[in-house]
Amino acid sequence: MSTILFDRVIFGPVHSRRLGLSLGVNLLPTDNKLCNFDCIYCECGWGKHGFKPRFNTREEVRTLLRAKLREMAAAGTPPDVITFAGNGEPTMHPQFEEIISDTIAVRDELCPSAKVSVLSNATMIGRDNVRRALLKVDNNILKLDSALDETVRLIDQPRGRAGVAETVRLMKLFGGRLIVQTMFLRGMYDGRRVDNTTEAEVSTWLELIREVAPQQVMIYTIDRETPAHGLEKIPLGELMRIGARVEALGIPCSVSGATDHPSTPDSKPNPEE
């Protein structure tokens, strides 16, 4: 199976490993990935350079979302969750806060039982308007793939300069109102060994999880084909042992292993990721 792009603004619904029946929202281009990470495991493939960034308009998102939710409500199959993911990082949209407000209003009108989730790589949470928007949603899901800058640079390939310490500082501003999501994998990339499951990696990551004190942690592994070859899925039993260590901190942890049901908008943490 090859990497994919979501070719619609509103996509699905699909069955998410972690969120249930999920209706996806893509704020990014439908023909290109737009992200300030270029994760080696991203199901959307490698990012392209040299094209002018384009975002789906606030009006288009609101109109298409309203139409789809009305259709699903009429059919008696409302989504469990409306998930912002798609072809990159959703919080890069210049009207992200306004779109979140629109989405909540439409959700409340047509499918009040649905949750609103955002899958984000946490690169934009230094902006007040992004934090305000994320505090409005039901599931504010932020990526933290390693506690070590070198590993983050290898796995996530961020384009900005902010390191893990700054990301953690900003995560703490949410006062626990966030979910931390981590992709565990190992293998070879660009002639280097990549493995965020070693004891040194996991114990350091756990310390940051304790410090951030999120309401929940989600850990998972590769489910779709990745743009980088030579990467390995982590066995479910190994992920369960890591999850048990999270729960020993008093923090709930959901685990999605390689043998779980095929994934959906949240299979990349965007957006994911």
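This is a predicted model: local features need pLDDT of at least 70, side-chain atom pairs count only at pLDDT 80 or more; totals for chains, interfaces and linings use all residues.

Reply: Start with the whole chain. The protein chain holds 7 helices and 11 strands. Its radius of gyration is 17 Å, close to the 19 Å that the globule rule gives for 273 residues, so the chain is as compact as a globular protein of that length. Along the principal axes, the C-alpha trace spans about 50 × 45 × 35 Å.

Strand β2 (residues 20-25) and strand β3 (residues 81-84) run parallel, joined by 4 bridges. In this pairing Leu23 stands opposite Ile82 of β3. An angle over 145 degrees counts as roughly antiparallel.

Next, the helix partners. Two packed helices are described by the angle between their axes and the distance between the axes. Helix α2 has such a description with α1 and with α3.

Take α1 first. Helix α1 (residues 58-74) packs with α2 at an angle of about 20 degrees, and their axes lie 10 Å apart. The two helices are therefore roughly parallel to each other. Their crossing is right-handed. From α1, the contact takes Arg58, Val61, Arg62, Leu65, Arg66, Leu69, Arg70 and Ala73. From α2, it takes Glu98, Ile99, Asp102, Thr103, Val106, Arg107, Glu109 and Leu110. By class, that contact of α1 with α2 has 7 nonpolar, 1 polar and 8 charged residues.

Now α3. Helix α3 (residues 128-136) packs with α2 at an angle of about 15 degrees, and here the axes are 8 Å apart. Helices α2 and α3 are therefore roughly parallel to each other. The crossing of α2 with α3 is left-handed. On the α2 side you find Phe96, Glu97, Ile100, Ser101 and Ile104. They meet Asn129, Val130, Arg132, Ala133, Leu134 and Lys136 of α3. The contact of α2 with α3 divides into 6 nonpolar, 2 polar and 3 charged residues.

Two backbone details deserve a look. Most residues other than glycine have a negative phi, and most peptide bonds are trans. Ala122 has a positive phi, near 75 degrees, and is not a glycine. Ala122 lies in the loop between β4 and α3. The second detail is the peptide bond from Gly12 to Pro13, which is cis, with omega near 10 degrees.

Go on to another helix pair. Helix α6 (residues 199-212) packs with helix α7 (residues 236-247) at an angle of about 30 degrees, with axes 11 Å apart. These two are therefore roughly parallel to each other. Their crossing is right-handed. Glu199, Val202, Ser203, Trp205 and Leu206 of α6 make the contact with Ile242, Arg245 and Val246 of α7. Those residues divide into 5 nonpolar, 1 polar and 2 charged.

One sheet is left. Strands of a sheet pair through backbone hydrogen bonds, either parallel or antiparallel. This open sheet has 3 strands in the order β8-β7-β10, and its pairing is antiparallel. The edge strands are β8 (192-195) and β10 (231-232), and each pairs on one side only. Strand β7 (residues 186-189) pairs with β10 over 2 bridges. Arg186 has Glu232 of β10 as its bridge partner.

Back to α2 to finish. The crossing with α1 is right-handed, whereas the one with α3 is left-handed.

Terms used: Residues are numbered from 1 along each chain as its sequence is written. Side-chain values use heavy atoms; hydrogens and water are left out. Axes are lines fitted to C-alpha atoms, for helices over the stretch in contact, and angles run from 0 to 180 degrees between N-to-C directions. Angles under 35 degrees count as roughly parallel, over 145 as roughly antiparallel, 65 to 115 as roughly perpendicular and the rest as oblique. A crossing is left-handed if the near helix is turned anticlockwise from the far one by less than a right angle, and right-handed if clockwise. Contact means heavy atoms within 4.5 Å. Ala, Val, Leu, Ile, Met, Phe, Trp, Tyr, Cys and Pro count as nonpolar, Asp, Glu, Lys and Arg as charged, and the others, Gly among them, as polar. Two strands pair if DSSP finds at least two bridges between them. The radius of gyration is taken over C-alpha atoms; the globule rule is 2.2 Å times the number of residues to the power 0.38.
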